[in-house]
Amino acid sequence: MLRILNIENIAVIEKAQIEFNNGLNVLTGETGAGKSIIVDSINAILGERTSRELVRHNAPYAFVSALFEQIPENAESKLRELGYEPEEDGTLLLTRKITDAGKSLCKINGAPATVSVLREIGALLVNIHGQHDSQYLLNPDYHYQFIDMLSDDESMFEDYRKSFHDLISVRRRLKALTLDEDDKDRTLELLNYQINELETAEISVGERERLTRKKAMIESREALLKSFNTLLSEINGDYEVNGISTVISSAENELEELASASENAAVIALKLSAASDIFEEIKDLINSELSALDFDEQEREQTEERLDLLYRLSTKYGPTEEKMLEFLENAKEKRNAVLYNDAELEKLTAEYDILLETAVNKAEALSLHRKKTAERFEKDVRNQLEFLDMPKIQFKVNFEKGKLSSSGFDKIEFLISTNPGEPPKPLAKIASGGELSRIMLAIKNIIAGKDTVGTLIFDEIDTGVSGRASKKIGMKLKSVSEKTQVITVTHSAQIASVADVHFLIRKDFESDKTLTKVTRLNFEGRKEELARIMGGLNITDTLLKSAEEMLLTGADY
């Protein structure tokens, strides 16, 4: 349910925070005070289309946030499916920022989201029903869901859906088999090429890892061999350049001849002699390593060629050896299916016929079950509408047989007749906005407790009805609110009197600015507001007394 709604810089609302309660929440105020802006803000946070016109004049952006509690399981599942996680306490925070250029920035629990994702989640959290917004009633594609909600046999629906899924699975396989000869030849040619390429490669699991290690070892040996040869060349020298050994030996001889001239010359000559011995040892060690090192240029080339082949195959058939071998097996199965097409086709056709007959039988049973449920539904809706002072409206659930689908073959549409003697016609073509809201209220009363949406919003459901009818609408709203949070914008004192929480939307003028403020009313504030609704600007003691009585009696509903 919607717990807290924050609004900033939307139309004439500079800043407002509304903390909704369980039960029936009512918003009232004078015409033009900004009640519709509250509904527009909720629409925005539910991902509906908005425009830059929503942003308050001279403000850089508009902002809406909505905190939901106790979100339903289907909303949690959808969140996870879309890559989001609800908080551990079951809360969900939706935010939307709209710039003065018309761009939107949306977030779900602080993580970035698109407007379309917001819309998907919002549809599972809130239903808004107003004079221009009863999409579920206007769209016949949703009508079967209202009937199915009243069913007490969910296993029947699950059993049918499983049969339909099996039927579709076999149909896909049949479609894949029913190739013309040209397609068959092209498919076989491609499959044979793929199978031959993979079989010729003789792929084994873990081979690429082993070859990669081997290549690294070969490269290490090559680098070591090169380093040893370079060092040996530096020590030995060649016919053009003296090596380190020759330089040391020559210096040693020269210094020995000059030893009588300097004590240090003799010491240096001895050290050069020792160095010469060390380099001889180094040469022996290098020669020993060179004779032991095993480096085969051909082996390196073969390793690199094999790795290159495996890489090229992996780009076509799968990133790992397992995936490539899996592709090979699948290709063989497909080839067999094409080669033995006729036998497999005959087998699958027989299986399809059996599954089709089973699915049709279950769809017929499902249709019969729905029709029995619809009879009760029609009667209940008519009773509800009669209570809501709409006795002349005839309500009918129309069934037509359509194509087999995951929901059966029923094409269900709600029909109404607003005048006696006229045949029922589609709801979307006949009902006014106010009628749609009351019909939805009637339906919500019937399916209360079975609808997973946690918040219902009714925008001016009392438009064009009498005080007596308003009182009855209030009673029905109160009844629905016992199991579902209800928020309603109303001009009716009768409806406002039965609210659990009452908010006043009031327009003020401050420093040449027009501002809308939202105030939660206490008992005395509610008396004043009910009296204003009933009597306009002239609030008398009699009106206040009547308002007090309405509040006291409304609390007993």
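This briefing covers the sheets, helices, single residues and salt bridges of one structure.

The model is predicted: local features need pLDDT of at least 70, side-chain atom pairs count only at pLDDT 80 or more, and totals for chains, interfaces and linings use all residues. Residues are numbered from 1 along each chain as its sequence is written, and side-chain values use heavy atoms, with hydrogens and water left out. The structure holds 26 salt bridges. Helices (H or I, at least four residues) and strands (E, at least two) are DSSP runs, numbered from the N terminus.

- Two strands count as paired if DSSP finds at least two bridges between them.
- Contact means heavy atoms within 4.5 Å.
- β1 (residues 2-10) and β2 (residues 13-19) pair in the antiparallel sense over six bridges. Asn6 stands opposite Gln17 in β2.
- The two strands form a hairpin with two residues between them. Ala11, in the turn, has a positive phi of about 50°.

**Helix α3**

- The buried residues of α3 (residues 115-122) are Val117, Leu118, Ile121 and Gly122. They cover an arc of only 135° around the axis, which puts them on the same side of α3. The arc is that of the directions from the helix axis to the C-beta atoms.
- Buried means under 20% relative accessible area, exposed means over 50%, and partly exposed lies in between (1.4 Å probe, protein chains only).

- β9 and β10 (residues 408-417) pair over nine bridges. Gln394 has Ser417 in β10 as its bridge partner, and Glu400 has Lys411.
- β9 and β10 form a hairpin with two residues between them. Ser407 sits in that loop and is buried, at 18% relative accessible area.
- Leaving aside neighbours within four places in sequence, Ser407 is in contact with Tyr144, Tyr160, Leu366 and Arg370.

**Single residues**

- Asp152 lies in the loop between α5 (143-149) and α6. Asp152 is exposed, with a relative accessible area of 71%.
- Asp152 and Thr373 are 221 residues apart in sequence, yet 9.8 Å apart in space, C-alpha to C-alpha.
- Glu321 belongs to helix α12 (residues 321-339). Glu321 is buried yet has no salt bridge. The nearest side chain of opposite charge, Arg208, is 4.6 Å away. Lys and Arg count as positive, Asp and Glu as negative; His and the chain ends are not counted.
- Beyond neighbours within four places in sequence, the contacts of Glu321 include Ile203, Val205 and Arg208.

**Salt bridges**

- A salt bridge is a side-chain nitrogen of Lys or Arg within 4 Å of a carboxyl oxygen of Asp or Glu.
- Glu199 and Lys332 meet in a salt bridge (3.1 Å, N to O). The pair links distant parts of the chain, 133 residues apart: Glu199 is in α7 (residues 181-201), Lys332 in α12. Glu199 is partly exposed at 39%, and Lys332 is partly exposed at 23%.
- Glu219 bridges to Lys215, with the closest N and O atoms 4.0 Å apart. The two are four residues apart in α8 (residues 207-236), about one helical turn.
- Glu280 bridges to Lys283 at 3.5 Å between the closest N and O atoms. They are three residues apart in α10 (residues 263-292), about one helical turn. Glu280 is partly exposed at 34%, whereas Lys283 is buried at 16%.
- Glu76, Arg80 and Glu85 are linked in a network of salt bridges.
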